[in-house]
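Try each task before you read its solution.

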Amino acid sequence: MLTLGCAYYPEDWDETMIEKDAERMRSVGMKVVRIGEFAWSHMERSEGVYTFEWLHKVFQIFQKNDLYIILGTPTAAAPPWLVRKHPEILHVDFFGQRAYPGVRQYTCCTSPVYRRYAARIVERMVSEFHSYSNLFAWQIDNELEINQVNCCCPACKSGFREYLKRKYKTLEAVNQAWKTTFWSSEYSDWEEIEIGDMDRNLNPSLVLESQRYRNLEYLAYIENQASIIRKGCPGLPIVTNNCGDPVDRHALFQRLSAAGGDLYVNPAHRLPTIAFWMDLLRGFRPGTLPWLLECSTTPWEPVKNLLELLMVHYHARGADLQLYFHWRSHSGGFEKSHGSFVGFCGTERPGLASFRKAAKKLLPVLKEFGDLPPPECRAGILYDFDAQYNYSQGFRSRSAEYGSKLRAFHEHLFAGGINSDLVPPDADFRKYALLLIPAHPHVSQKFADRLKNYVQEGGVVLLGAESGLFDDESNYISTSGPGHLQDLFGLEIRDYIRFRKSDFPNGCITFSGHFGGKTVRSECDCWIASIHPLDAEVLCTFDSGLYQGQPACTLHRFGKGVALYCGAAASDLKFERELIHYAASLAGLPLLKIPSETEIVTRGPLVFLINYGTAGSRFDLPLKGKVILGSGFEDGRVDLSPRKYCVIRREEV
Amino acid sequence: MLTLGCAYYPEDWDETMIEKDAERMRSVGMKVVRIGEFAWSHMERSEGVYTFEWLHKVFQIFQKNDLYIILGTPTAAAPPWLVRKHPEILHVDFFGQRAYPGVRQYTCCTSPVYRRYAARIVERMVSEFHSYSNLFAWQIDNELEINQVNCCCPACKSGFREYLKRKYKTLEAVNQAWKTTFWSSEYSDWEEIEIGDMDRNLNPSLVLESQRYRNLEYLAYIENQASIIRKGCPGLPIVTNNCGDPVDRHALFQRLSAAGGDLYVNPAHRLPTIAFWMDLLRGFRPGTLPWLLECSTTPWEPVKNLLELLMVHYHARGADLQLYFHWRSHSGGFEKSHGSFVGFCGTERPGLASFRKAAKKLLPVLKEFGDLPPPECRAGILYDFDAQYNYSQGFRSRSAEYGSKLRAFHEHLFAGGINSDLVPPDADFRKYALLLIPAHPHVSQKFADRLKNYVQEGGVVLLGAESGLFDDESNYISTSGPGHLQDLFGLEIRDYIRFRKSDFPNGCITFSGHFGGKTVRSECDCWIASIHPLDAEVLCTFDSGLYQGQPACTLHRFGKGVALYCGAAASDLKFERELIHYAASLAGLPLLKIPSETEIVTRGPLVFLINYGTAGSRFDLPLKGKVILGSGFEDGRVDLSPRKYCVIRREEV
Amino acid sequence: MLTLGCAYYPEDWDETMIEKDAERMRSVGMKVVRIGEFAWSHMERSEGVYTFEWLHKVFQIFQKNDLYIILGTPTAAAPPWLVRKHPEILHVDFFGQRAYPGVRQYTCCTSPVYRRYAARIVERMVSEFHSYSNLFAWQIDNELEINQVNCCCPACKSGFREYLKRKYKTLEAVNQAWKTTFWSSEYSDWEEIEIGDMDRNLNPSLVLESQRYRNLEYLAYIENQASIIRKGCPGLPIVTNNCGDPVDRHALFQRLSAAGGDLYVNPAHRLPTIAFWMDLLRGFRPGTLPWLLECSTTPWEPVKNLLELLMVHYHARGADLQLYFHWRSHSGGFEKSHGSFVGFCGTERPGLASFRKAAKKLLPVLKEFGDLPPPECRAGILYDFDAQYNYSQGFRSRSAEYGSKLRAFHEHLFAGGINSDLVPPDADFRKYALLLIPAHPHVSQKFADRLKNYVQEGGVVLLGAESGLFDDESNYISTSGPGHLQDLFGLEIRDYIRFRKSDFPNGCITFSGHFGGKTVRSECDCWIASIHPLDAEVLCTFDSGLYQGQPACTLHRFGKGVALYCGAAASDLKFERELIHYAASLAGLPLLKIPSETEIVTRGPLVFLINYGTAGSRFDLPLKGKVILGSGFEDGRVDLSPRKYCVIRREEV
């Protein structure tokens, strides 16, 4: 059920102001307020000296106003006294440079000292506030790792060695797994191993394990606090928001109550991008609804404030809980000019007017439908953090490349009116008629079995170019690829060439072919596979170059399903879209011809139509139902004004 | 009275060469030579071992040649023995990296050790050379802070804490003033406070105080030497040159004898820019004439040498003392290929021919007029260093933005033939018919009173967009803005929106209106105010966007004067110029239609006409007088050839 | 005689694989394999624990397959145990940052500790492997300094001081030589001198000496290993490959057996560039043939594999020994995706097919001609490392500028079909009809004498603009220039102006004149000399600017030869080509009109014609002979298809 609220910093203000704010929050339709996540120094002014009275007061004022609280643990910004007493808690970069305190997130999550202090403040907060009935949930820390570089402090270094001992048991196993004969890197003592960092030209296996280790430390850092909260506040939801690399968000949110995220939309963002982010967030905890813990009060200012339109969009994509960032501008500090609902001198800002209007319009209508299921998605896209690290080969640019592939594949589906989930490799693929795998460097036997089973039973899978050629340590497999999947795809990958189209001013190479009744052609950039078909059907072949005449794109019927492979990375977007739409048609998914910047999302009985574009959006939609919010749909015909939405109750359901 | 000279490095040369050089300097019309500012190691080859003989000889040779000396204290480059003995005097950057000696300005001005050594060498120099009658003045150090990053050495850190204790008395006051509740930054011990740096995302209040502290240390560093010189050479002028941020040059030069600056013109510079620099320099010590301690011998080489034209320009804008940099090329070292008058093998370079010709032409004619008053300026532009730090919010890019506003406003006036002073906030505004305030984040009660008084008595003021919204610690004021000035401008600023036009590819917002008989219109970029008029007259309103229909630009008659406000920063330059010319017309200042790259400056009886452009400059000028230098003026008609000037004795005076 | 091979990493593989690889190498026509250069940790797993069995096995397997071995000393990558035991061997940057181990080349070549360990492993390798008859040669280290910054570790610092003491004897001499009066840098104790680095705005003399010192340390580092090898393997060739700055490659390879280099061609490279690199490499040891120790297996992939064409090109330019990099892709580590002959799963890659075909075609035919002399070059271009450091004035960008001049001059000759050697200043110039000197800042008396002698006897020399103005310490000479060469060129350089054309949007200056029956004209950028002719003939004069009417370009007949000087650096390429072709015609060198991307190279009886372009290449060639490889030449008429070559046996020889 749509529930709205905001982030708030009561530590900035006196009681009278807080009371006025709380009343106004309630009056505009807010229900949940997030507080506390940067207030450590206001709760513990010096070691062991706690000042919780102000926060008790906040709980009481909010209770009086029917406002629920998400209480943040304040560990994203250590208080000055702690940093001074324990400088060893500070983040250290690859070259040994300690972080300079004074911003936020300058502490190391691995530090046992920091974890001890973090646990202590959380214990105290739990013990102080657990009994408030308006304590709605806990948020642990804030935007974990978003502003940090990879830490290489002594605690991380020794922790990494312990991790490696647990994982590999012997140094010989490390040397073997990491192929340390290269560049004379064979270890003869555990102490010789230094933790790695991205973008340093290190052994990719070392970097991969370093990132895996760091991920585990983050999970442990979160668990350190979560276990205390679970004990003191049994049953209360626990979340965190907007973590960065190298945290495996699937693993993280599996351990918490909901996938929490922040989403700041600005005028440069197109709807497919915003939708991607929402689907990404939702996919962090498959099958459940995400929490939007921060979203922008100022989208498209000064031209417009599109808060209402985006509120509907977020809700359509699954965000029942939406907190806007933030209520009242700080009067000082680094973020004082951040977007907010109440301005520097207390005036209502444009976002608040938009919010009030939207809440008043949406809440009563939507309330009738109670809790809606997640949005319907008949296609899945595989997103695997470990695959992303493996794909990265130690470079941030390649990690970003993996992300770009996901976004591109998602947008191709979006353009055909097909909504998709971004799912982890252990998700139940059977709920999807179509599964896209943009890139999967290492294919385990287990994953291969699940995939084959999926296709055997009727699934359609499309595998991207650079897949199935690496092992779990980012080394090459020693046989032809794609590992464990040759029977599924009916082919072998025996070699490949990596290149850049731009190196060939007179033109590089192309491939072409036919499928779905269409003739297709694409230029190549970046990576092409040398495919040897076993019993795959060849859809396209290379027109020129060293692989001329060899297959570029194949189809293999397997059991009741179909397995497609495209052996050219970064081919034309136009071709890629044709191929994905062809895959969708094989999977029986209907393709819609809808204007760009338009979306159709179904949640249970409701269908959300949104036109985020600056032109009207008109098309036929085979749907029967009644408009309950907005307008622009009648008798199977959509006619949405620019920047408008429409919610329909379906007849069929 | 125009007095010419150069910088010279006698420590490079033997006596014979110095004698020849001195004779040639005299013969070309030079009177003053600056020496010594990098010669510490040549005066004190090891600690306490002084070798001043060579410098005595220089004084004597120069005396023989009627040459006066500006003697530099050599503290901009510590000798190697001092750095080795006291590495703690080295600059330290934000991350703790000590400067590497071997260039210049690698020492910390705060260091008590360095100040002690600096004082000692200055004392010795004073005692050695105070009695020479050709000792004309002292220059302390050289280009202070120009090549330095903000120092964060232990001396600076502890000094900063002492400064804060003196200023705030209690930690509670610091926490309150800096709003340290944000990001959990409340201090519980003075030792927790670390000095800040620009561009580090720190609390802007911390950065502001860090820069204020650093400024005071620079002033004290200068005073450490100045007090010694004053005592030993009472009455002799003391200057310094070309200081960089964060030195408050108004405060600095108030304590010295003249505003000293360096000015290197190159072909990329337009005349309005060069004029701006001259006016800026002159404004550092209002009402007095600036000293040009270094200017280029090679402007516009190899195409031309425009030294003569620029000599007249500098003089027109107030520089009676002009030293050219420098006499004879060093035979080695980092700057050996720097512009000079005498080349590597002793040949006369093009600049020297230009200099000789100019000096011969100008000096005898100008001599007749004795000391001229500063150039006449009927408009003022407010330049406040403290405002610039406040405006910067801790970012160098925003500090530069403040400077850009000043330059733009100055150029708008220049384009209308209106010369302006750049004045500090405590200047006497009453001498100006028009006062422009491009940006003034914090308006104190005192400044507001002075401003109101100024307008009350007939002044015209134009206030730029982002003004009057911050307190003295760079926090928001808690009421609507502009602080203390609502009655003067007849309006309230209740909110604002910051944005970038470039985020809106389909166009952002505009405002339009009428004034001075013209219809105006402007696009908006960057920042717009939400103006609520009290009794101001609305000149322009926003055409679209969230503030559609609200005022964008207002006029308020107050007493005998007028107060204009423009609530849109970075509007079109064309609009900005219209508005400023409208303000000038309200102030009764006549606008001239003159070609760009042309200027008219009046000093007492003389009017200087300069055409810096590559085309002829022709226009009517309501002036009666007699050409005394150059040509191109007759019967109220100007006709200046490209790159030519003309000096006229006015009839009226 | 053309001898082919590859680089190989047997430490990665088991015996069975090595045996198969060796057989395949032999079967495709390989003769020489380079191994071992990164295998230290595989030979010495912990200190003093040697494991050479695997390498003995490799020698034996290769012997069985008639394969010769170039054995690399493994010092480019220290093993982890050594770095951990002796962190003081790590490279240290200018700011004191120690290198992070884990890549390669992170150790300091100066470190006595590192040299001791390096000597020990080399001694052991020599003692183990000296007696194998298929031990063909040694390669010391790998790509020295290519990935390093200038080291400033304590060992380098103290070594630098010792070097200075040896060179200058007294501090007074240092101060005098480096003109340390500038910026107060006079030293009073040796310990005050810190080693310099490029791009730090330091005294250019200090930087120059620092680079000279570093060069000597590199030479000593190489000699440390070479002396051991010479003793243990008398008569065996010793090389190294692809060194970077600041190594003086002339000095380096003089001490070794051949100039060794790596050459990775990609599609962006034009033939003149590739030819330049080959001529450069060959010039590092004049009169001998270079060894190509690494070249690319994948040029122009994925469009084509041009290995065969390039194999002929390398051979034509002197590379009889060509090793391709590398045989079999590593299964892990940082370079696993590097180009190779055998792919990740053992498949033959396109390069191997090209190689096999080329070897089969070329080897039998070329064998008949035995050892060929180096390619015929009638022009020389002076390349002097010490001049490059001097020219750099402490900046890498200027060092690169020196290199650009060489490349430009070389390409001008190439475009006229004239092949040239890049020769050191002590080369025998008399074998060249024409000698180009793009830039030579310091002209010693000895060099001047050799040059005059050369021209006296009939040589033609062209001297580039910025020459003869500096002394051996990068200070200005105190007289007019060009030092010691005024009589040869019949002129004095009395001054110069440095500038950038781009500063003058309305156009800068030009010069023009006549020679060789042509009227020429050129814009000026960068640097112009003030030339005072003694008895030189003026070819061109400046059309405008401060040197208007003065000579820009001169000719002076001296003895039987001619000395040309061009006093404008970075003039138009078109003019520069005209001038160089004019110089060639004065030297009696015939200019050919051939298409770009085409070359003609003669080695003894054979003439190599190569068309690297994408269009056919047709022209007349006054040559009689028989095509022995390829096709496209008949009756003095060349008609080469795109990307094709042709080898002709000359009749005349």
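**Exercise 1: the interface**

Find the partner that the side chain of B:Glu172 meets in a salt bridge.

Solution. Step one: B:Glu172 pairs with A:Arg45, at 3.2 Å from N to O; a salt bridge is a side-chain nitrogen of Lys or Arg within 4 Å of a carboxyl oxygen of Asp or Glu. Step two: between chain A and chain B the count is four salt bridges. Step three: on the chain A side, helix H2 (40-43), strand E3 (44-46) and helix H4 (80-85) each supply at least two of the residues that touch chain B. Helices (H or I, at least four residues) and strands (E, at least two) are DSSP runs, numbered from the N terminus.

This is a predicted model, in which local features need pLDDT of at least 70, side-chain atom pairs count only at pLDDT 80 or more, and totals for chains, interfaces and linings use all residues. Residues are numbered from 1 along each chain as its sequence is written, chains are lettered from A in the order in which they are written, and side-chain values use heavy atoms, without hydrogens and water.

**Exercise 2: the buried area**

State how much area is buried between chain A and chain B.

Solution. Step one: about 4,200 Å² is buried, with 62% from carbon and sulfur atoms; this is the accessible area (1.4 Å probe) lost on being put together, summed over both parts. Step two: A:Tyr100, A:Phe334 and A:Phe344 supply 22% of chain A's share, more than any other three residues.

**Exercise 3: a sheet in chain A**

How values were computed:
Buried area is the accessible area (1.4 Å probe) that two parts lose on being put together, summed over both.
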